[in-house]
There are 2 protein chains.
Amino acid sequence: MNEAGVPAPDHGVGDRERSVPPPLYEVAGAPRLSPAEEARTLVAGANTAALATLTSGGDPWASLVTFAALDDGSLALCLSRLAEHGRNLASDSRASLLVTQPLGDGDPLAGARVTLAGLAERAEDPLKRAAAREALLGAVESASAYVDFSDFMFWTLRVQRVRWVGGYGRMASASGAEYNAAMPDPVAIDAKSAIVHLNQDHGDALLVIAQTLGGYPDATAARCSGLDRRGIDLVLETQRGRAPTRVAFPHELAERSQLRGATVELTRRACAGPTVRGPVPDAGRIS
Amino acid sequence: MNEAGVPAPDHGVGDRERSVPPPLYEVAGAPRLSPAEEARTLVAGANTAALATLTSGGDPWASLVTFAALDDGSLALCLSRLAEHGRNLASDSRASLLVTQPLGDGDPLAGARVTLAGLAERAEDPLKRAAAREALLGAVESASAYVDFSDFMFWTLRVQRVRWVGGYGRMASASGAEYNAAMPDPVAIDAKSAIVHLNQDHGDALLVIAQTLGGYPDATAARCSGLDRRGIDLVLETQRGRAPTRVAFPHELAERSQLRGATVELTRRACAGPTVRGPVPDAGRIS
């Protein structure tokens, strides 16, 4: 039963799940980032968000804002007190911020997003104001055009509750304390070009990794859909359908510069493994 | 004084305005779309939004949704009752939807966005549900993956209040009645490729239009930044700085197919006018 008292079948393990072919041999679960780390990483890579505030009548009000993520997890905002969201925050400090992964023309609900809910406070203390101002100028190139206007006020949103959705079927909550203590992942935060490179130039290596380490010896193609310090996410094509899998790196990476070495090592291990190509093999023989 | 009782200097007519060079001869104000039409057009071209709802404690909650715009101005949503926004709406029908123009890497606050505030109601009536379902399947390709899951509910948001921001310095409010009665602009809704074409292949024509009809005889380059049935928005370079201007079409267009003829006619009129190029001319001589 969920909070509304309604029986709560998980639609993620319903119709959709049945259409995803399972792995053909057992694979050790590859460790993932925590939800708080996923959220911090997504937020650290963004500078625009939807802000939800309360009108004087208590109605929810969604508006576009720019923001900067501060090291302690709070978010710096600079809002005009002439704008509705600025007036709203001045009279009720409750707010939440939706940060969405840019997706282009893809399936909009396949991408990651996070809602950060908390309380906003005016950054009136000169040191806090200076820190928020500097962070915002660093995160938003055009902010210099308005941050010093007399009607713009600096705010910091202290995060108290986090809801992260990684796409279909991947979602979790985190407390404000977990979120504020987490750090953005050093690999995932800047993985875009590495993912493009892997998919353009190393499709063969990804395929062997999928076949021998990822549980899908019948994979016919593989592309990287995500990278972080703990592993690599793959999306595979098989004659049984499309499937996601994840393979852990040999060691957790401390920084992005270790990414190349880790993928080379992963490929070496995959090539040394029981590579199986061609038609759907007998699963029993492999596992 | 604004609603918060604070003196309200309009920052749009402050520091920023002074840096924009004025036209050098008087130009008739080119008619624009109404704020309600701008909002309807923006919404008609989108299928994702940020939804603001109220938690059980009355806190504002921002989340990502897909939606479809219905002809009567209301918005069709399909939300899981397992998700926080679905539970929120079920217990308090107040909501607002933020629709943002996709901008890529540009200045995030230079783009258009609109907040639609109103009340959501369950589309339980079979006809209403069927209409919402069909609209959503038409607007969101991937919606077929979840609209028929048992935990997904259809909602329609009836718009009661609209706040449209067209970018820096362009903003207006509209009532729900104005919004619901307006129609998306037939030219602006699908103008992207026409704008790209004009800028790639007809920069010379845009420049002459800017010089002789747009008030900037000293323009050295011009690009189209927007098109609608009433006119063309231009951004010009001059030795005095960058400036926006707008030129009306000879006649209001009824449909997109008339766009080519209208821009040809505008170019013809511009070329027949008192073309002035080169260094900044004597404004008195031209006006």
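B:Arg40 lies over the face of B:Tyr179, 5.4 Å from the ring centre. A charge counts as sitting over a ring if NZ of Lys or CZ of Arg is within 6 Å of the ring centre and within 35 degrees of the ring normal. In chain A, A:Arg40 lies over the face of A:Tyr179, at 5.4 Å from the ring centre.

Some housekeeping: this is a predicted model, where local features need pLDDT of at least 70 and side-chain atom pairs count only at pLDDT 80 or more, while totals for chains, interfaces and linings use all residues. Residues are numbered from 1 along each chain as its sequence is written, chains are lettered from A and ligands numbered from 1 in the order in which they are written, and side-chain values use heavy atoms, with hydrogens and water left out.

Next, ring against ring. How many aromatic pairs does a search of the whole structure find? Over all chains, it finds four. The centres of B:Tyr146 and B:Phe152 are 5.2 Å apart and their planes are at 35 degrees, so this pair is tilted. Rings of Phe, Tyr and Trp (its six-membered ring) pair if their centres lie within 6.5 Å; planes under 30 degrees apart are stacked, over 60 edge-to-face, and the rest tilted.

B:Tyr146 is buried, at 1% relative accessibility, and B:Phe152 is buried at 12%. Buried means under 20% relative accessible area, exposed over 50%, and partly exposed in between (1.4 Å probe, protein chains only).

Last, B:His85 is buried too, with a relative accessible area of 11%.
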